[in-house]
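Look at the model below and turn it slowly. Keep the sequence open beside it. This report walks through its parts.

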Amino acid sequence: MLDLFTIFSKGGIVLWYFQGVNQVLTEPVNALIKTVILQERGNVSSFQHGSLTLEYKLDNEFELIFVVAYQKILQLSYIDKFIDDVRREFRDKYAQDLRDGHVMRDFDFTEEFQRLLKKAEASAKNQAKQPRQMRTFEESQKSQKSVASLKVDKKKEKEKENVGKKKGKTPAEPAAPAAVINGGTVNSGGGGGQTGGGGVGQDTILRNREEFFKKMTGKGGKKNTGASPKPEKEKKKGKAPTKWANGGSSKDAKILDFSGDKESNGSMAGAGEEDLGDAERAWVGSMSGELKSVGDVYDDDDDDEEEEEEEEIQQQHSKKSSGFGVFNMFKGLVGQKTITAEAMAPVLDKMRDHLIGKNVAADIADQLCTSVATKLEGRVLGTFSGVTSTIRQAIRDSLVQILTPKRRIDILRDVMEAKSQNRPYTITFCGVNGVGKSTNLAKICFWLVENGFRVLIAACDTFRAGAVEQLRTHARRMAALHPPENHGGVKMVQLYEKGYGKDAAGIAMEAINFAREQHIDVVLVDTAGRMQDNEPLMRALSKLIKVNQPELVLFVGEALVGNDSVDQLTKFNQALADFSSMENPRLIDGILLTKFDTIDDKVGASISMTYTTGQPVVFVGTGQTYTDLKALNVQAVVNALLK
């Protein structure tokens with residue numbers, strides 16, 4: 001019933017394997033390693049690939065991985081216990097060879113494996129034959145309660161109800177203002193009020209209250225003749241338009257109408273005149289080549305590390321002093337101890353809270369700590385190594401592993417390759433509302449122009465008012481920074497737009513075709529902001545990506561968000577998969593992290609987003625100018641998270 005069972009080291013050396021089918025199962029195991037083990041998802045013990053389900057267990061003492069694969073239509077209840085039995089048997093048989101590092105020898109484990117497999121299958125069959133019996137009354141918790149205890153419980157409940165009534169928990173009458181009657185004051189909130197020293201009944205209070213309300217509302221009784229009648233307010237004729245102090249007239253509307261500044265084919269007419277300052281002119285030529293990474297401004301907090309190490313040393317000394325003198329001290333120095341879940345729990349709890357405080361999503365922080373616990377449990381500590389320092393180093397390694405790109409990200413090289421094939425390189429920007437898609441699209445556009453590429457901006461945000469005008473302003477300003485006369489009469493930046501209320505997928509397709517005809521190198525597709533729960537807009541985004549097949553789909557997210565980043569990315573990816581009819585739908589390829597300069601050292605959103613999708617952070621936006629575009633510095637972010 002099993003398709004595969006393999007045992008290999010964390011270095012990639014296969015020690016032993018069993019294969020129950022003829023097909024090659026290398027791809028599913030590699031997918032498990034790439035998607036789960038290398039992505040620090042130790043909390044996930046089951047992984048599905050195609051028609052197979054793969055489960056694995058780690059042996060941290062000998063650095064081994066045990067993997068079993070079977071058809072996912074099967075529900076094998078004995079798998080967990082079976083893997084533990086195989087792991088225990090393999091360790092006991094080859095413990096000395098594994099300790100000595102003799103992993104290149106021939107491990108003959110087939111006989112023991114078949115014996116354990118038959119035993120596990122027989123046990124599962126016996127459990128299936130035996131119907132599950134209901135518990136008897138004596139085995140239930142209710143049987144532990146006697147009749148006397150039930151009476152005591154009912155008596156306590158009645159006492160609680162009586163206490164609640166005494167405290168005034170019964171519904172009270174609505175309060176009303178006090179009424180002046182016969183020179184005395186009657187409190188309308190209760191039935192025990194007094195008037196001029198004499199008792200007043202409840203009926204009298206209610207009657208006086210009604211008369212008081214009639215006088216107040218003017219629906220009965222005599223009106224107060226001493227008060228002058230209030231003049232009636234004039235009825236408003238309608239809402240008058242607001243007139244601003246420096247507002248213009250209707251004649252000035254022509255100045256604000258930029259719709260005529262475009263060609264009939266939808267591209268930008270020209271650069272226009274722009275007033276550029278010396279600081280803006282200094283931008284030209286400053287972003288050629290690869291992007292600079294975010295500066296390593298986050299240093300390790302050495303004081304905190306030293307304090308933790310001192311606390312750990314003090315704890316070790318206290319344990320030694322409570323033992324048997326000098327012999328116990330030497331035993332603690334040269335002995336080896338195994339990391340247990342109980343020893344890791346307080347340290348991991350503290351680390352989890354620390355990561356959440358650094359803006360890592362709570363669920364991601366919990367999964368990361370669980371993965372580290374799975375990876376360290378059972379590992380033997382070296383001499384003078386503490387649990388805290390070991391966990392801290394494991395967390396650091398995991399964070400570096402998560403943030404390090406799993407594939408090559410070199411946009412300049414990819415654009416050059418697409419240019420050699422006479423086709424434009426297309427990048428699509430998507431994300432929720434207000435994260436800065438258009439602004440950071442302009443930054444990327446400027447970076448590409450600085451490297452000598454012609455760029456066409458496709459204005460596919462046909463929903464938000466002012467979206468096209470915003471892109472037109474960016475295109476005009478960049479065209480002023482790089483005028484055609486400086487590039488042999490060639491326009492380096494153009495805008496393709498068709499106005500509002502049009503199909504975004506159709507505009508993107510027309511823009512790509514226009515770029516192909518005009519030999520433009522890069523097409524940047526701006527899309528409308530949309531919430532992850534908006535199904536119609538998510539369908540439209542999926543259609544745009546499916547129809548145009550861009551080379552890169554960038555999710556633009558804020559560095560300010562915490563838990564919501566996981567929900568955004570998960571639902572964006574799920575929508576792109578659900579609303580696409582392709583066998584292998586296009587999902588998010590990379591992340592553009594904006595507003596990175598507003599968070600100080602709380603850079604946890606980069607971990608949350610990367611861990612959720614497995615895709616790297618390609619760009620980092622740090623300001624408002626075109627030069628405020630950086631690449632992610634993995635070590636700097638990790639230092640900030642552990643600071």
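How many of the residues of S4 are buried? Seven of its eight residues are, so S4 is mostly covered. Here, buried means under 20% relative accessible area, exposed means over 50%, and partly exposed lies in between, with a 1.4 Å probe and protein chains only.

## Ground rules

This is a predicted model, in which local features need pLDDT of at least 70 and side-chain atom pairs count only at pLDDT 80 or more, while totals for chains, interfaces and linings use all residues. Residues are numbered from 1 along each chain as its sequence is written, and side-chain values use heavy atoms, with hydrogens and water left out.

## The whole chain

The protein chain holds 20 helices and 17 strands. Both are DSSP runs, numbered from the N terminus: helices are H or I with at least four residues, strands are E with at least two. The chain has 643 residues, and 41% of them count as buried.

Take the contacts in the chain with a separation of 6 or more: 75% of them link residues 24 or more positions apart. A contact means heavy atoms within 4.5 Å. The chain exposes about 37200 Å², and carbon and sulfur atoms supply 51% of that area. Accessible areas come from the Shrake-Rupley method with a 1.4 Å probe; for residues, only the protein chains shown count as cover.

## The five-stranded sheet

Five strands make an open sheet with antiparallel pairing, in the order S2-S1-S5-S4-S3. Two strands pair if DSSP finds at least two bridges between them. Strand S2 (14-19) and strand S3 (46-49) stand at the edges; each has a single partner strand, so one side of each lacks a neighbour in the sheet. On average, neighbouring strands of this sheet are turned by 20° against each other, direction ignored. Axes are lines fitted to C-alpha atoms, for helices over the stretch in contact, and angles run from 0 to 180 degrees between N-to-C directions.

Now follow S4, residues 52-59. Four bridges join S4 to S3, and the two run antiparallel. His-49 has Leu-52 in S4 as its bridge partner. Ser-46 stands opposite Glu-55 in S4. S3 and S4 form a hairpin with two residues between them, and Gly-50 in the turn has a positive phi of about 65°. S4 also pairs with strand S5 (residues 64-71), in the antiparallel sense, over eight bridges. There, Thr-53 has Tyr-70 in S5 as its bridge partner. This hairpin has four residues between its strands, and Glu-63 in the turn has a positive phi of about 55°.

## Two crossing helices

How do helix H11 and helix H12 meet, and at what angle do they cross? The axes of H11 (residues 362-376) and H12 (residues 387-403) come within 10 Å and cross at roughly 120°. H11 and H12 are therefore oblique to each other. Angles under 35 degrees count as roughly parallel, over 145 as roughly antiparallel, 65 to 115 as roughly perpendicular and the rest as oblique. From H11, the contact is made by Leu-368, Val-372, Lys-375 and Leu-376. From H12, the residues include Thr-390, Ile-391, Ala-394 and Ile-395.

Gly-621 has Leu-629 in S17 as its bridge partner.

## Two loop residues with positive phi

Most residues other than glycine have a negative phi. Gln-549 is not a glycine, yet has a positive phi of about 50°. Gln-549 sits in the loop between helix H17 (535-548) and S14. Its relative accessibility is 31%, so Gln-549 counts as partly exposed.

Lys-595 also has a positive phi, near 55°. Find Lys-595 in the loop between strand S15 (590-594) and helix H19 (604-613). At 29% relative accessibility, Lys-595 counts as partly exposed.
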